[in-house]
Amino acid sequence: MSAETFELQGAGWLKRRPLADLLAALDRDGEEARVNGGAVRDALLGLTPLDVDIATTALPEETVRRVEAAGWKAVPTGLAHGTVTAVVDRRPFEVTTLRRDVETDGRRAVVAFTRDWAEDAMRRDLTINGLYLSRDGQVHDHVGGLADLRAGRVRFIGSARDRIREDYLRTLRFFRFHARFARGPIDPEGFAAAIAERDGLARLSAERVRAELLKLLVAPRAPETVAVMAGAGLFAPLIGGVPRPSRLARLAALDADAPDALLRLAALNQVVREDAERLKSRLRLSRREADRLAAIGDGGGPDPADGEQAARLALYCLGREAFRDRLTLAWAESGAPPDSAGWRSLLTLADRWTPPKFPVTARELLALGTPEGPLVGETLRCLEELWLLGDFSLPGNWRSLLPDLCSRAR
Ligand code: ATP
Ligand code: MG
């Protein structure tokens, strides 16, 4: 198959070190090397790629030899799949030998190396991810990715159904890249294949689902894409629970400037406390992420209608993060618009007000004559409640009332 080529303009990053040095070492003496995948796609869209992957005709041993001969480090990341990580000036680049999939089981593939660029392109997932960029700035397209990128079309290379069967993760990647790059409606063939192959999603590892899903949730078109997925029953085999795409959409209208994947996950899929546990195990969340969802619990956030004193109390009890999380979710739940002054002002409370420390200590109570023992703790708790109800201040006469307070605490 002949390739369409296109001269990429303004890709200064391609000519800069250390990438240019690495490409020069790999792309000579009978071997070719080109940037591939996301970096090419992003560069064509005018974005500077963060992560640059390289494809090469050289076998992995030859890649290692060249990298080491240049004085760089070569890490054998996935030799069986042809991947070596070259670390040049402390920057890692994944260099992968051109390959085709010989055998697939829906998750892993047995591969054979090839020297044919078109063959390597055919084993990739989406046309917009199947492009190559050589160091002279030429983009090489064997799969129609250039036209699709220009038209904002996200679709599989070849038969959508076959490609999904080879690797079910591609279903998620299809929706994620649609949410990120597509301009029109979802590709009907890909969508139909995703539904037909829905059951395969349950076979994916928690780690892979987690990585894809969290990226999908913060993509520009996440709300509508997630709604389409939910309507097709695609979340049940992935994470269980009952998805609430409309709540996600309302949150996305509030947090568009700084989307937060975990909070969006909670908006979509956490209604009651038990959901936090389910998400933790289904997505193998970190301790820190799981604690954050647990603190959101079954929601119930501060509300501007209750006034600032109530919000101060909530901030004191919940801490900053859970206060913000619950407030943002409650705002989304309420349906109040993103420019609602009441909600917005309450959200800034955590920045403009730091809860004071409860000022009374056990030592002071003892000095005031409270007998040692459990009564000290009980009186402290009773005083703290009084202090909270008084908007972080105690009545002026609390010391003289201490014996009576103590007897009530008892
Ligand atoms: P991102 O910006 O999210 O990193 P990317 O396109 O670089 O996007 P990667 O996951 O880094 O995505 O993968 C690099 C390339 O490898 C992809 O562009 C695609 O060509 C290929 N690829 C990755 N995962 C798959 C897969 N599951 N099936 C087929 N090809 C894949
Ligand atoms: Mg990438």
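Helices here are DSSP runs of H or I with at least four residues, numbered from the N terminus. Ile-164 lies in one of them, helix α7, which covers residues 160–166. Please keep in mind as you read that this is a predicted model.

Is Ile-164 buried or exposed? Its relative accessible area is 0%, and because buried means under 20%, Ile-164 counts as buried.

## The ligand and its shell

Now to ligand 1, which sits in the largest pocket. Around ligand 1 there are 14 residues, and the closest are Arg-41, Asn-129, Asp-167, Arg-170 and Arg-176. What is the make-up of this shell in nonpolar, polar and charged residues? Ten of the residues are charged, three are polar and one is nonpolar.

Two helices, α3 (38–44) and α8 (169–181), each supply at least two residues of the shell. The largest share comes from α8, with five residues.

| Protein side | Ligand 1 side | Distance |
|---|---|---|
| Arg-170, N or O atom in the side chain | nitrogen atom | 2.7 Å |
| Gly-38, polar backbone atom | oxygen atom | 3.4 Å |
| Arg-180, polar side-chain atom | oxygen atom | 3.4 Å |

Taken alone, ligand 1 exposes 590 Å², and the protein buries 77% of that area.

Where is Glu-31 placed? Glu-31 belongs to the loop between α2 (19–26) and β2 (33–36). With a relative accessible area of 16%, Glu-31 falls under the 20% limit and therefore counts as buried.

A polar contact of 2.6 Å links it to the side chain of Thr-57. The side chain of Glu-31 also reaches the backbone nitrogen of Ala-58, at 3.3 Å.

## Backbone details in the loops

Which peptide bond is cis? The bond from Arg-17 to Pro-18 is cis, and its omega is near 0°. Pro-18 lies in the loop between α1 (12–15) and α2.

Positive phi values turn up in two residues other than glycine. Arg-284 has a phi near 45°, and this residue is found in the loop between α15 (273–282) and α16 (287–296). Asp-391 has a phi near 55°, and its place is in the loop between α22 (374–389) and α23 (402–409). How accessible is Asp-391? Its relative accessibility is 24%, so Asp-391 counts as partly exposed, a class that runs between under 20% and over 50%.

## An exposed glycine

We finish with Gly-300, in the loop between α16 and α17 (307–318). Gly-300 has a relative accessibility of 61%, and because exposed means over 50%, Gly-300 counts as exposed. The C-alpha atom of Gly-300 is separated by 8.3 Å from that of Leu-327, and the two residues are 27 residues apart along the chain.

Technical notes:
Residues numbered from 1 in each chain as written. Chains lettered and ligands numbered in written order. Predicted model: local features only at pLDDT ≥ 70, side-chain atom pairs only at ≥ 80, totals over all residues. Heavy atoms only, no water. Near = heavy atom within 4 Å. Polar contact = N/O pair within 3.5 Å; in protein donor to acceptor, adjacent residues only side chain to side chain. Areas by Shrake-Rupley, 256 points an atom, 1.4 Å probe, with all protein chains shown as cover. 1 Å grid on protein atoms, 1.4 Å probe; cavity = no way out; pocket = protein on both sides within 12 Å on 5 of 7 lines; lining within 4 Å. Sits in = over half its atoms within 2 Å of the grid points. Nonpolar A, V, L, I, M, F, W, Y, C, P; charged D, E, K, R; others polar. Buried < 20%, exposed > 50% of the residue type's maximum accessible area, 1.4 Å probe, protein only.
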